[in-house]
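Could you take a look at this one with me? I've put together some notes for a first read-through.

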Amino acid sequence: MARVELLALRGLDEAQALRLLPPERREKALRCRRQEDRLRSAAAGLLLARYARQLGFDRFPELREGAYGKPYFPDAPQAQFSLSHSGRYAALATSSLPVGVDIQQIRPERVMAAMRLLTDLEQAQLSALPQEAQTQAFFRLWTLKESYGKMTGRGLLGANTFSVDLSGPAVLP
């Protein structure tokens, strides 16, 4: 069974969050130029550090990346996880099976730029909806698509080779 944890950034102190992070996650957060990006990165790092403790690690374990950049703990290959952060939240999904999670702050101005990554079927599904429902549906579709890409470890590479069916919880080849 998969578990998803959400951490709200409201009230999270950046300096304190950074102090609590292991050095590699702190460095990653500090590479972010904008404060809100550093805070989101730190929040994701805090969720991951807590998960590592739940797995029984007394200090943050080595973190590696798969061929397409999906992070994993080589000393705990059974521990599958996925991170996402957007807007005022960070999320962590965990499972013993491959898992993917994505959260998105709804920003209508980003829809057009991402449309090129959708399949013809996905674009048709969105076009068939009333105009006022399309933005919400796009972000539902996008988070499902990105979650699936994270679960497979390929991210958005090949995003146009599979479709998300908005009429149900299906990903179609």
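1. Ground rules first. This is a predicted model, where local features need pLDDT of at least 70 and side-chain atom pairs count only at pLDDT 80 or more, while totals for chains, interfaces and linings use all residues. Residues are numbered from 1 along each chain as its sequence is written, and side-chain values use heavy atoms, leaving out hydrogens and water.

2. Start with the largest nonpolar core, which has 18 residues. A nonpolar core here is a set of buried Ala, Val, Leu, Ile, Met, Phe, Trp, Tyr and Cys residues joined through side-chain atoms within 4.5 Å. Buried means under 20% relative accessible area, exposed over 50%, and partly exposed in between, with a 1.4 Å probe and protein chains only. The members that touch the most others are Leu 48, Tyr 51, Phe 60, Phe 73, Phe 81 and Leu 92. Helix H3 (35-54), strand S4 (80-86) and strand S5 (89-95) each give two or more residues to this core, and H3 has the largest share, with eight. (Helices, H or I of at least four residues, and strands, E of at least two, are DSSP runs numbered from the N terminus.) Apart from this core lies another, of 12 residues, including Val 111, Ala 137, Phe 139 and Val 164.

3. Now the rings: the structure holds seven aromatic pairs. Rings of Phe, Tyr and Trp (its six-membered ring) pair if their centres lie within 6.5 Å; planes under 30 degrees apart count as stacked, over 60 as edge-to-face and the rest as tilted. Tyr 51 and Phe 81 are edge-to-face, because their centres are 6.2 Å apart and their planes at 65 degrees. That pair links distant parts of the chain, with Tyr 51 in H3 and Phe 81 in S4, 30 residues apart. Phe 73 and Phe 81 have centres 5.0 Å apart and planes at 40 degrees, so they count as tilted. Ring pairs join Tyr 51, Phe 57, Phe 60, Phe 73 and Phe 81 into a cluster.

4. How buried are these rings? Tyr 51 is buried at 7% relative accessibility, and Phe 81 is buried at 1%. Phe 73 is buried too. Beyond its neighbours within four places in sequence, Phe 73 has contacts (heavy atoms within 4.5 Å) that include Leu 48, Ala 52, Leu 55 and Pro 61.

5. Next, the largest pocket, with about 870 Å³ of space. On a 1 Å grid over the protein atoms alone, a pocket is an open set of points where a 1.4 Å probe fits, with protein on both sides within 12 Å along at least five of seven lines; lining residues have an atom within 4 Å of a point. Points are joined across faces, edges and corners, and the volume is the space filled by probe spheres set on them. Of its 36 lining residues, Lys 28, Leu 83, Ser 84, His 85 and Lys 150 are the closest to the centre. S4 supplies the largest share of the lining, six residues.

6. Arg 64, in strand S2, is partly exposed at 40% relative accessibility. Arg 40, in H3, is buried at 11%. Not counting residues up to four places away in sequence, Arg 40 touches Leu 9, Arg 34, His 85, Ser 86, Gly 87, Tyr 89 and Ala 90.
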